[in-house]
Amino acid sequence: MTTATGTTRGKGAVGAARTRIEGLAKVTGEARYSGEVPYAELAHGWIVVSTVARGRVRSVGEEAALRMPGVLAVLHHGNAPRLQENFVGQFGPDPVAEILQRDRVPHIGWPVAFVVAETSEQAREAAEALVVEYDTEPHDVDFHADHPARYTPEASAMGPAVTEKGDLDAELATSAVLVDERYSTPEQHHNAMEPHAAMARWDNGRLEIVDSSQGTFATAGEIAALFQLDPASVRVRSEHIGGGFGSKAMARAHNVLAVMATTVIGRPVRVVMTRRQMFSLIGYRSPTTQRVRLGADADGRLRAFDHDGVSLTSTLTEFVEASSAFGRALYDADAHRTANHVVPLDVPTPTFMRAPGEAPGSFALESAFDELAEKCGLDPIELRARNEPTVGPVTGLPFEDNDLLACFHEGARRFGWADRDPRPGVRREGRWLIGTGTAGATFPAGAAPSTAAVTAEADDTFTVRINAADVGTGARTALTLVAADALDVPVERVRVRIGDSDLGQAWLSGGSMGTRSWSWAVLAAITELRERLALGADIPPEGITVRSDTTDAIGAQAQLERHSYGAQFAEVAVDVGTGEVRVRRMLGIFAAGRIVNPLTARSQLVGGMIWGLSMALHEEAVRDRASGGLANGDLAGYHFAANADVPVIEADWIGEPAPGDPVGIKGIGEIGIVGGAAAIANAVWHATGVRHRALPIRPDRVLSAGTGPEGRTGA
């Protein structure tokens, strides 16, 4: 038995609510983040970024800066240590990591110099006084779907750029009901609470880095490759991380520059990004424009499905926000096509951001499905029931399971959906129009090879070593519960060590695959350890250690469609006099396999849903065409949901453990945001009778659109 603060014993640890093991250390300040670990003779670095959007660095006035108090070095493209050319990182070619290697300026906010000083204040003062002169060139930051530079890539991290089957034009032409609409989402940023920070030093010929990294083994490998070092000579540690959301998965300016500086001055160097620098140096979610065409019979059965997405990328390298990939496994049709395109511009390179592709893609597709339901005269949930696929629409593979409709049905029951009047704009409370909406959610359930080591100690405890990353999600606690459950011992007898590249290869915290991948490796090691202990082996002073590697086991999995699912429900109130939209309540029902720790899992899901609310109503980075920079590149101008914007949000789950996973896990890190914005947008339509196909749904857009049918003003 257990409570959130009680003791969990043996079997039953998985599935029991448990507070974070490191929680007390965090709230008391004992837990040290990468920007806080003290070192003797520590120097501090400050990044100087470009003030122009395209051109060349003509000169850097380093002489004057070097005469300023405390300044130890000024690095720039003319004197910085040389990095590996044409660097290929864990996700492919990555010139974004090639810092201070050439005079080219590809976008505003690109690192052009790095000042190192005795104190952070001295480094900042010298960096702000540093004179950098440029030869400027005309820039282009104007993103739109018909941009002449638009092209179709071969593929992305989310799969092929284009998938198609059937005769799309023919099926559209013979469909009784058509939806053909365009949807757009703006540039959005994932500024984690902890800024990107790193400390680097050389220790007896070995490079040590303390970093805010979502995957220390991968980061160590990238740093070794960039600096052409023996991988065994690089160690990256990242014990505590204050959020990441995809932005801390790769080598970037903070850790690359820290290594450069410590190599040059021979002392430990720390780099902490400013909040404004994070808007240009860590990546973001690209804006998208999406066209969705749906053709159906009069009874709502899909004949044609076409989802076409366009995103931007930088001129440095290609990153695809694969919005059209969202529906590839969700709905089938006789003719089925999805395509992603990109426009290269003079902007920073986008990157992975919570539910990359799925978050913007779900807004467009789930809004379009709501529009199709309206035209067919069907309840939105019934429309989805009539289009549930039996096999993967694109792959043809069988589903491991498919709980989308089960999530909708349970959510409808809990939300009171049956009492909903489907007519838009008919429910009013004083000055507020009231509406409800729903949307579906899905996210791939994958696993990646990892290694782990488990030691039976002589003092009757167990130590688990696995190079996991806890980005604030409670991964350390979840792994402790998995180990205690597998060992059938109290959690107090299990210690988990994570966040150190010396622990070996393991999947990073990303893709909603962290806990699943790590738990698989931990369970494999424990299974063998228990077999050895069952043979009556005496435990020596150094303990008995068993190591695992899940590469073969994961590679031997049957090819199936594996996904988590969810259904989002929202109720909104809209003041058509002020344009204000208030979310009154949200409910999310998810099917994500076995839930290891209900306490932290619910926080993960609710956090994602809040992000969906923020995406629907607030978040929008505005790029100035004249300068090429952001007009609101800080947390004062970039709006996001505050406490007062967030109602009571419920998140719960249904379903059975994933049959293809040893622990039964699927993954919950990203699905909470998927579909949230669409549910709110659909609720705004239900309240007002007007569709909003561009996010965010700002008050001025509500006012300019007015309200819809039955005698009210319209767009």
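1. Arg414 is partly exposed because its relative accessibility is 32%; here buried means under 20% relative accessible area, exposed over 50%, and partly exposed in between (1.4 Å probe, protein chains only). The model is a predicted one, in which local features need pLDDT of at least 70 and side-chain atom pairs count only at pLDDT 80 or more, while totals for chains, interfaces and linings use all residues. Residues are numbered from 1 along each chain as its sequence is written, and side-chain values use heavy atoms, with hydrogens and water left out.

2. The side chain of Arg414 meets that of Glu410 in a salt bridge (3.7 Å, N to O). The term denotes a side-chain nitrogen of Lys or Arg within 4 Å of a carboxyl oxygen of Asp or Glu. Glu410 and Arg414 are 4 residues apart in helix 10 (residues 404–415), so about one helical turn separates them. Helices (H or I, at least four residues) and strands (E, at least two) are DSSP runs, numbered from the N terminus. A network of salt bridges links Glu410 and Arg414 with Arg413, Arg602, Glu650 and Asp652.

3. Arg582 and Asp645 form another salt bridge, with their closest N and O atoms 4.0 Å apart. Because Arg582 belongs to strand 27 (residues 580–591) and Asp645 to the loop between helix 14 and strand 28, this pair ties together parts that are 63 residues apart in sequence. Arg582 is partly exposed, its relative accessible area being 32%, and Asp645 is also partly exposed, at 22% relative accessibility.

4. A salt bridge also joins the side chains of Arg623 and Glu187 (3.0 Å, N to O). Distant parts of the chain are linked by this pair: Arg623 is in the loop between helix 14 (598–617) and strand 28 (648–653), and Glu187 is in the loop between strand 12 (177–185) and strand 13 (197–203), 436 residues apart. Both Arg623 and Glu187 are buried. The count of salt bridges in the model comes to 60.

5. How many residues of strand 22 (residues 451–456) are buried? The number is 6 of the 6, so strand 22 is largely enclosed by the rest of the structure. Thr451, Ala453 and Thr455 point one way from the strand, while Ala452, Val454 and Ala456 point the other way.

6. Strand 22 runs antiparallel to strand 25 (residues 544–549), with 6 bridges joining them; two strands pair if DSSP finds at least two bridges between them. Ser548 in strand 25 stands opposite Ala452. Strand 23 (residues 462–465) is likewise antiparallel to strand 22, through 4 bridges, and there Val464 stands opposite Val454. The hairpin of strands 22 and 23 has 5 residues between the strands, and Asp460 takes a positive phi near 70 degrees in it.

7. An open sheet of 3 strands has the order 6-2-8 with antiparallel pairing. Strand 6 (104–105) and strand 8 (132–136) stand at the edges with a single partner strand each, so one side of each lacks a neighbour in the sheet. Strand 2 (residues 55–60) is joined to strand 6 by 2 bridges, and Arg104 in strand 6 is the bridge partner of Arg56.

8. The peptide bond from Leu695 to Pro696 is cis, with omega near -5 degrees, and Pro696 lies in the loop between helix 15 (676–688) and helix 16 (699–705). Ser512, although not a glycine, has a positive phi of about 55 degrees; at 11% relative accessibility, Ser512 counts as buried.
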